[in-house]
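Please keep the viewer open and follow along.

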Protein chains: 2
Amino acid sequence: METRRANQIAETLEQLLLSGKYKEGDRLDELRLAEHFSVSRTPIREALQVLVSSGMAEQIPRRGVFVRQPGPVELMEMFETMAELEAACGRFAATRITEDGLHKLVEVNTNCQQAILNLDYGLYYSENEIFHQIIYHGAANSYLERQALQLQKRLKPYRKMQLRFRGRLNQSMAEHLQIVTALQKGNAEEAAIALRAHVAVQGEKFHQMMATLNSKD
Amino acid sequence: METRRANQIAETLEQLLLSGKYKEGDRLDELRLAEHFSVSRTPIREALQVLVSSGMAEQIPRRGVFVRQPGPVELMEMFETMAELEAACGRFAATRITEDGLHKLVEVNTNCQQAILNLDYGLYYSENEIFHQIIYHGAANSYLERQALQLQKRLKPYRKMQLRFRGRLNQSMAEHLQIVTALQKGNAEEAAIALRAHVAVQGEKFHQMMATLNSKD
DNA sequence: ATCGATATTATTGTATACGATATGTTTGAC
DNA sequence: GTCAAACATATCGTATACAATAATATCGAT
């Protein structure tokens, strides 16, 4: 199937789409891509199918596959869903996370704090990502974990955008502490609520940003 | 891409996998399938990719694609996740579902009740499915709705299995009523809790059934 | 006789060739 | 000049051909 070449091409294309080098509605021309990657159409088509099945592109029969960047509405939906997935992870993790997991969580959170002090936004974001991934894993439900990881990856570029909202980082850290505390106490409901709010606010910030952009034109 | 033939084949294969005609670990031979469907390997390969990307089959490079029926552990994980997705849908639907949606919900629920009285299990299950789908839709979040629909479809054969647990149907109807009431009141938390419990119990029943089967050998 | 190395075979992965359909263009009629 | 129809072209979908690799069988040595 899509071994070696094809899935490597899929990864590359995925990165290109996520980084926004292709714009909404762009047609992903098989021939162009084929010569660009110096392969035949076959592996290109397999790579495109991967994009389509992950929702990053849309395929219209006999017309081709087109880039499908989520619009504001769908993005809000995805953030909402992410908030619920994370809440679910937190709910399970509260009673299931290992001691080791909790230790890592605290450690990574410390790194986050340090990154903020150093104004190292890049580090903050990578550590923040790990923080959440530890919780997904702590839920001890590999299916749910996969779903969460998938959506986290998909939303990554948009989380980055709403980075520099004034005071957001410190607020975010306070929320992290609440989350850790709830997990340490083993309080499922509290963990779920804290995580839902923590992620949902990202969606709201994003919404604000979109509104700001729209009001400019 | 997988237009016309290929996606039709994918659907057929999907049904075959869900109905359990292929067993865990079976290799899906491209040549055999190709001659069986009287097509070349190309559309078969595209169909297989669809199965792989939906998690119903696994592909090992240079070896082929193999049927991947979820084991007891993964099934429990999927039921757990379904419960959380439905809870999320209920949470949103409580404040967002339309009057029309509520009416349909009551109507479908009446059909469920009638089906039980008539001992028409087939009808009960199809109406029950619709009942839940109305709630997914009522959440007014098309992304979440898609996720819920996808997992519902995936779990369908296993829900059917735990059909004849004594008293389950009547209990199920009572839960439906609770859910409808919560939605009518617009009580998000109550709706979420009711839906989570309603779905989670399916997973538990399934678990019981698995245990029963295991104790027999 | 068993184990290991080599050769054969089978099957996947990729390339190319062919067929079908949609898009764009040209031509002709009104 | 505009619209419609037929034609040309481009691109997708499928079939076949070829290449690469993994599984299997055969043969030989100990």
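In chain B, α4(B) packs against helix α6 (residues 121–138) at an angle of about 65°, and their axes are 7 Å apart. Axes here are lines fitted to C-alpha atoms, for helices over the stretch in contact, and angles run from 0 to 180 degrees between N-to-C directions. The crossing of α4(B) with α6(B) is left-handed, a term used if the near helix is turned anticlockwise from the far one by less than a right angle, with right-handed used if clockwise. On the α4(B) side the contact is made by Glu86(B), Cys89(B), Gly90(B), Ala93(B) and Arg96(B), and on the α6(B) side by His132(B), Ile135(B), Tyr136(B) and Gly138(B). Two residues are in contact if their C-beta atoms, placed from the backbone, lie within 7 Å. By class, the residues of this contact are four nonpolar, three polar and two charged. Ala, Val, Leu, Ile, Met, Phe, Trp, Tyr, Cys and Pro count as nonpolar, Asp, Glu, Lys and Arg as charged, and the others, Gly among them, as polar.

A word on conventions: this is a predicted model, in which local features need pLDDT of at least 70 and side-chain atom pairs count only at pLDDT 80 or more, while totals for chains, interfaces and linings use all residues. Residues are numbered from 1 along each chain as its sequence is written, and chains are lettered from A and ligands numbered from 1 in the order in which they are written.

Now find Ala148(B), which lies in helix α7 of chain B. Which residues does Ala148(B) contact, leaving aside its neighbours within four places in sequence? They are Leu85(B), Glu86(B), Cys89(B) and Tyr136(B). Ala148(B) is buried, with 23 other C-beta atoms within 10 Å. A residue is called buried if 20 or more other C-beta atoms lie within 10 Å of its own, exposed if 12 or fewer, and partly exposed in between, with C-beta atoms placed from the backbone. The C-alpha atom of Ala148(B) is separated by 9.6 Å from that of His137(B), 11 residues away along the chain.

Ala6(B), Ile9(B), Ala10(B), Leu13(B) and Leu17(B) are the buried residues of α1(B). Seen down the axis of α1(B), they fall within an arc of 105°, so they line one face of the helix; the arc is that of the directions from the helix axis to the C-beta atoms. An α-helix has 3.6 residues a turn, so residues three or four places apart point the same way. The buried residues of α1(B) pack against α2 (30–37), α3 and β2 (64–67) of chain B, whereas the face turned away from the buried side carries the exposed Glu11(B) and Gln15(B). Just after α1(B), Gly20(B) takes a positive phi of about 80°.

Turn now to chain A, which has nine helices and two strands. Their order from the N terminus is α-α-α-β-β-α-α-α-α-α-α. Of its 217 residues, 35% are buried. In α5(A), the buried residues are Leu105(A), Val108(A), Asn109(A), Cys112(A) and Ala115(A). They fall within an arc of 115° seen down the axis of α5(A), so they line one face of the helix. These buried residues pack against α6 (121–138) and α8 (168–185) of chain A. After α5(A) comes Leu119(A), with a positive phi near 55°.

Finally, look at where the chains meet. The contact takes 26 residues from chain B and 26 residues from chain A. On the side of chain B that touches chain A, α3 (41–53), α4 (72–96) and α7 (142–161) of chain B each supply at least two residues. That side of chain B divides into 10 nonpolar, eight polar and eight charged residues.

How values were computed:
Helix = DSSP H or I, 4+ residues; strand = E, 2+ residues; numbered from the N terminus.
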